[in-house]
Each structure stands twice: as structure tokens, then as C-alpha cells.
Amino acid sequence: MVQINGESVNAAGKNLKEYLEENGYIIEGIAVELNELIVPKDKYGETVLSDGDVVEIVSFVGGGEEESDTFVLGGKEFSSRFILGSGKYSMELIKAAVENAGAQIITLAVRRTNTKKNENILDYIPDNVTLLPNTSGARDAKEAVRIARMSRELGCGNFVKIEIMRDSKYLLPDNVETVKATEMLAKEGFVVLPYMYPDLYVARELMNAGAAAVMPLASPIGSNKGLATKEFIQILIDEIDLPVIVDAGIGKPSQACEAMEMGAAAIMANTAIATAGDIPSMAGAFKSAIEAGRSAYLAGLGRVLERGASASDPLTGFLRD
Amino acid sequence: MAQNQFFVDSDKLSTAALEHKHLLESDPSARTNHMEYMPGMEKISSDIMDKVLDAVSTYNYEKYTKTDVKRALDSQTCSIEDFKALLSPAAMPFLEQMAQRAKSETSKHFGNTVYMFTPLYIANYCENYCIYCGFNCYNDINRKKLNAQEIEHEMKVIADSGIEEILLLTGESRKMSDVKYIGEACKMASKYFRNVGLEIYPVNSDEYKYLHECGADYVTVFQETYDSVKYETLHLMGHKRVFPYRFEAQERAIIGGMRGVAFSALLGLANFRKDALATALHAYYLQRKYPHVEYSLSCPRLRPIINNDKINPLDVHEKELCQVICAYRIFLPYIGITVSSREEKHFRDGIIKIAATKVSAGVSTGIGDHESKYEGWNDEDAGDEQFEISDARSFDEMYGDIAAEGLQPVLNDYVYV
């Protein structure tokens, strides 16, 4: 028996091409891993399955997070600073994100393709949008690396967003494993965008490991609670020489605007728009908020008056000419 | 602009030595390439120098206006651009506001503490010809190198006065004061003091590692000026002539395991605004690369030396010095700032209320004369001083004066690990 996507299948003796065609997979839209190694598409015909083999067949579905705007990431230039996550995706959301929010980057999760008729999210995404595959589902660095390799095989280019979570209740990123995965994938030539808990030491390690940006969370993913980690994100913006993309937890346009005023390079959001009363209108509101925040940052914020003046003696009276 | 006249001839020099001295002074082609490492000098891979020199070369301090200065004073965090504005002439009318802001930053990070230390010069032999320095090899001064017993005696005298932190200094002569000699002094200093710093000629990272193992834990190297063209005309001979090797000394010290490093330009040698910018950026970029290290800045001005009492800091008056120190504090709120006895009592008393966090006390820049200086007699046998000090207060006087200002004198808060 062969283990295919977790199920025992009587496929020993067949080559991959035969199995995939018999079961209705569309070869262009999938990637196949055999015993943890990716099988190139042109080798499917000569790859014969044997008893005990473990096969993973994957394609893209919605999942992960969002962002977009005009900045340089991995050598590519974007005019939008909003990135759309696709954890809660629908045709309407993607259309709204692209048309009303101007999203140029959409994240995607790599998932097992068990149903041959699985609708492919790629069909909904316009060609001019950059796909950012994420590694959601990975529980450690090794799994994230496997998923990243599969996503590259799926034709998504070298971009990868690392998401490693070992807690299904809060879905908080595992910073330690994320550093390891970043180092491995950067060495393989990936443009690595790690999702992380905003910790200065970890951000430095990610930078040294070759990350193209850091993606600190604002509050727990999907919570719409806003900039709970504001002070720490500000520290990353001040200290890390990489774009800081605020990811997860942004629930309102005002919060996106505030993060941009602080100097964030971009905002990633999904739930805030997906769960809004009017999805296209909310997508437009996010677009305006992110642009306003960016303009405010570039303009330089005005002063904040401290309450009460200090009526002390002049400090510089002692100076002689 | 006014210039200092640095060249002084001694009638004790041989004809050949005088000829060589004059040749170095008058003919640039007689001098070595100051950007080229000499044999034995470790070359590390670092982009810090390029970053600093690039920033300085494009710094046009005349273009900043009072609007830029106000914006800098109003922003929550001070950007490099804000710092440039604070160092510009446009900031001078805002000196009091800068001092208020600096004071608030200082108290946020250091409370009301002021650290105290004393320097101990153990030798004044030098192989460099740095034309503004009293120790330069052509200057006719009494040379001396303390032996182990003399060093210990000096340390006892200083430790008895109450000092707990010491800064060991030598002239820059590897021949007369080799790394082993300095290491032995560090070992002895560790017995008498809780914190041992070094201000010696720059060495390689393995030598810093050795000195660290001997008990030293921070390294001060003054770049003197970050204007490499000017630098070349001031440091005519010797190891110190090599600009990049000196620039990278702090980074090598960090690689060698030192906990802290200190920087400085000697204000008055070249354009002080550009030098102040470079000094702060040197520390700033290293801090980003090595965030675990402690950083501090000194801000000395040129002083008269033996055989040349005319040397002065030119356009860096007290107000300009205060501007530089306040700008340092606002840009780098977490950094230590040392103000030495080159400055007078009234200035040091004033500046510790604004931005300085460390002052020296009971200072002699001579060799082997602490006992005589502390007890008020003249020691004929002592080695001559590097420069004239302006504040001769003893440890006890300094301690009392700091406390009288409502500040807290701190002798030491340090653990060697």
C-alpha cells in the first residue's frame, strides 16, 4: 500500500502520471512530494510507486494572511502597501481586495488536494497579483521548509511567508522554529517573509538569517483587536533595517493607519475585511487608511505637547564664551 | 579661519632627526599612505567605516533651518536627520531647549547618577608623531615607564582615595609598552579596582581578547578626527597614522569580548560639527551591529601641551561643546557621556546636570606622580604630562560637589563576567 495524502491507497506498481490521471488531478495545478522529496513534473511518468511510499499531493487554497502597497520586497516593486491574506476567502473578497483595496500581493496556503474537482483559488486571482505562498500548517522548521519547496514547485516563484504555529488555540507563531526555517530557506534562494511575535532579538536573528522583511503580529490572528503590541512593533521599526509588515490582528482601518504612521512598510489583513458588513466598502476604507498613514509618516508627525511646562532655572547659564 | 601652530622643534633632537621631522611636516610625499594597513594589522570585514564616512561627506550643516531644529526637538525619537539639524549652527539659539530635552533624556535613562573614575598613565613613550599631542615622539619631555612595583604603588594610592574604576593609559609604543606589560597592569588593576578600562594603542582582536582575560572590560579609542584628509596632516608618523585600523579598533575590541567601547573626536582639530556627527554615527552603527555592547562617547577639546601653550580648541567654545553634548544625548539617549578634566569646574558641574554621566576625579596625566599630586609636593622623577588639565579636584572634592548638586555619585555598579 502507498500512503497518499494520509490515506492508504492500492497504487504500488503504478507510476505517478498514471495515478494522477486516473484520479482526475490536473497536473498543472499541483505539486507532488514523494518521501519528502519533490518530484519534478517531467519525472511523473518514470516515477514508480512502491509499497510503503508516502506521497503528498498539494495545491493552493485560501489561507494565511494578507498585505499590499508600493514598496520593494525581494527585488519586486509594489505600489500598494496592502497585502490580502486568504484565510477567509471568497470570490467576493478577492475581487474587492484587488479592485477596491488595490491589493497586489495575496497570500495562499498550500494544502493537500484530495478532491480532484477542488476549485483552485488561482482561478480567482488576476495575473498581475503576486502570490505569496505561506507555510501555514507547519509545526516546525522542517515542515515549513517542505511546504515552501512544494509551493515553489507549484509555480509561485521564490516568495514565501513563513508561518509556524504549534498552538491551535491562539495560532501564535513559534519564533524559534521560524528563525531556523528562515535561515534554511534564505540559503535556498527564497525571498523569506517570516510571520513572528514582535521580539527584538528574534527580529535581529531573522535579519541575520536573510529574511526580506519581518511580519510582526499586532494581536492574535483573526481577532480584529488592533495594535496590542504597538510599543514592540515600534521598536522593530526603529531598530531593524528591513521592511516591517504588520500582520494579524488589524481589525479596523484606523489601526492600519496608525501602524503606517509609525513607519510600518505595509499592512496585511484578511478577517477585518472578510467579516465586514460590506466587503468592497471596507476594502476601500483600508486602502484609504493605509495611504493616509503612509503619507503622514512621510510628512513627519507634528509635535505632542507634554502637559505642564517645567519652570526650572536655565540649564545653560554656566556657559562662558 | 584661525589655525593652531603645532610644530615645535627641540634643540635636543639630532640633525638627522630634525631633518626627518621637517620633511614629514613639509612634504606629504614623504609620508606613508594613511589608508593602508601596516604589516601585522588585522583587517576585519566591516561596512561601518564606509557608512560613517558617507554620511559625513554629504553633511551640509549650513542647509538646516530653525524649522528643522524645532522639528527635531519636537519629535519623540531623534532621527539621523534630526541629529544633523541639532548639530547645525541653526540650533545654537535653541541651546537652552536642547539642554532641557537632553536633561529629560538623561534622567529617563540614568536617573540622577554620575559615575566617577580616574585615569592612570603607566607609560608615556610614544612612536607616533601626532603634532598636537604632548607625548609625540619629537616632543622634548621626561619619558617614563612604570615598573610593576611602581604601578602597584600608584594603584594603592588611587584606591586609598576611594576610586573604584580605573582607566589605564599608555603612550602608543608597542616596543616600550607591549601587550604583555599592559596585560600585567590589568591583572594588578583587577585586584585594586572593580572596573578596568583601557586607553592604549589599537591592537588586534586576539590581543583585545588577551587583555580582556587579564581583567580589562572596556576600550576607549579616540579617532581624533574623522576627516581622513585632515587626519593625514596631523598624524605624520607611526601606527596611529593608519586611519582605518584605528577606526576599526572598537569593533575588534568587541570581537575580542570587551563589554564596552568608547569613542571620541578631539574637538578643534577639524570641523567639529562633522566630527561630532561621525563620532555619534560610529557608535550608532556599531550599536545596531553589536547590540549587546555598552557604548560611550567622550567629548574632549584641544588643550595646551608641554612646549606649546598656544594650542587651543579654536571655534569650539563652551557653548558649541554644550551643543554637541546635548545633541549626542538627544540622538543616543542610552549612551554614556564622559567629560574629562580637560574642562573647567564650572563646565563640568553644569554639564553633569544636563547630559554627562561620567567624570574623572583626582586626575594626573603625568607618569608616577599620584602620591606627590595627592599630597601636594613636586616629584622630580615623574614622567611629563600628555596635556594640561583644567579641573584638579580630588576624588573627595568631586564626590562632595556632585552630591551637593543633588546628584548621586556612583563609584561602580559593575560586575565582571
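Buried residues have under 20% relative accessible area and exposed ones over 50%, with partly exposed in between (1.4 Å probe, protein chains only). The model described here is predicted: local features need pLDDT of at least 70, side-chain atom pairs count only at pLDDT 80 or more, and totals for chains, interfaces and linings use all residues. Residues are numbered from 1 along each chain as its sequence is written, chains are lettered from A and ligands numbered from 1 in the order in which they are written, and side-chain values use heavy atoms, with hydrogens and water left out.

**Chain A overall**

- Chain A has 9 helices and 16 strands; helices (H or I, at least four residues) and strands (E, at least two) are DSSP runs, numbered from the N terminus.
- Of its 321 residues, 52% count as buried.
- Among the contacts in chain A with a separation of 6 or more, 65% are between residues 24 or more positions apart; a contact means heavy atoms within 4.5 Å.

**Interface between chains A and B**

- The interface brings 22 residues of chain B into contact with 18 residues of chain A.
- About 1,700 Å² is buried between the two chains, 52% of it on carbon and sulfur atoms; buried area is the accessible area (1.4 Å probe) that two parts lose on being put together, summed over both.
- E96(B), R288(B) and H346(B) supply 32% of the area that chain B buries against chain A, more than any other three residues.
- There are 3 salt bridges between the chains, a salt bridge being a side-chain nitrogen of Lys or Arg within 4 Å of a carboxyl oxygen of Asp or Glu.
- E344(B) forms a salt bridge with R320(A), with the closest N and O atoms 3.2 Å apart.
- Between chain B and chain A, 8 residue pairs are in polar contact (both at pLDDT 80 or more). A polar contact is a pair of N or O atoms within 3.5 Å; within protein, one must be able to donate a hydrogen and the other to accept it, and residues adjacent in sequence count only if both atoms are side-chain atoms.
- On the side of chain B that touches chain A, the elements giving two or more residues are α5 (95–110), α12 (272–289), α13 (318–331) and α14 (345–351).
- Of these, α5(B) gives the most, with 5 residues.
- By class, this side of chain B has 7 nonpolar, 7 polar and 8 charged residues. Ala, Val, Leu, Ile, Met, Phe, Trp, Tyr, Cys and Pro count as nonpolar, Asp, Glu, Lys and Arg as charged, and the others, Gly among them, as polar.

**R204(A)**

- R204(A) lies in helix α5 (residues 200–209) of chain A.
- R204(A) is buried yet has no salt bridge, and the nearest side chain of opposite charge, E239(A), is 4.5 Å away. Lys and Arg count as positive and Asp and Glu as negative, while His and the chain ends are not counted.
- Leaving aside neighbours within four places in sequence, R204(A) is in contact with I240(A), Q287(B), R288(B) and P291(B).

**Salt bridges within the chains**

- The whole structure has 51 salt bridges over all chains.
- In chain A, D247(A) forms a salt bridge with K161(A), the closest N and O atoms being 2.8 Å apart.
- That pair links distant parts of the chain, with D247(A) in strand β15 and K161(A) in strand β12 (residues 159–162), 86 residues apart; both residues are buried.
- In chain B, K12(B) and D140(B) meet in a salt bridge (3.2 Å, N to O).
- K12(B) sits in the segment before α1 (15–26) and D140(B) in the loop between β2 (129–130) and α6 (148–161), 128 residues apart.
- K12(B) counts as exposed at 64% relative accessibility, and D140(B) as partly exposed at 30%.
- R393(B) forms a salt bridge with D349(B), with the closest N and O atoms 3.0 Å apart.
- R393(B) lies in the loop between α15 and α16 (395–404) and D349(B) in helix α14, so the pair ties together parts 44 residues apart in sequence.
- R393(B) is buried at 6% relative accessibility, as is D349(B) at 9%.
- Salt bridges that share partners join K345(B), R348(B), D349(B), D391(B), R393(B) and D401(B) into one network.

**H370(B)**

- H370(B) is in helix α15 (residues 370–375) of chain B and is buried, with a relative accessible area of 0%.
- The side chain of H370(B) makes a polar contact with the side chain of E154(B) (2.7 Å).
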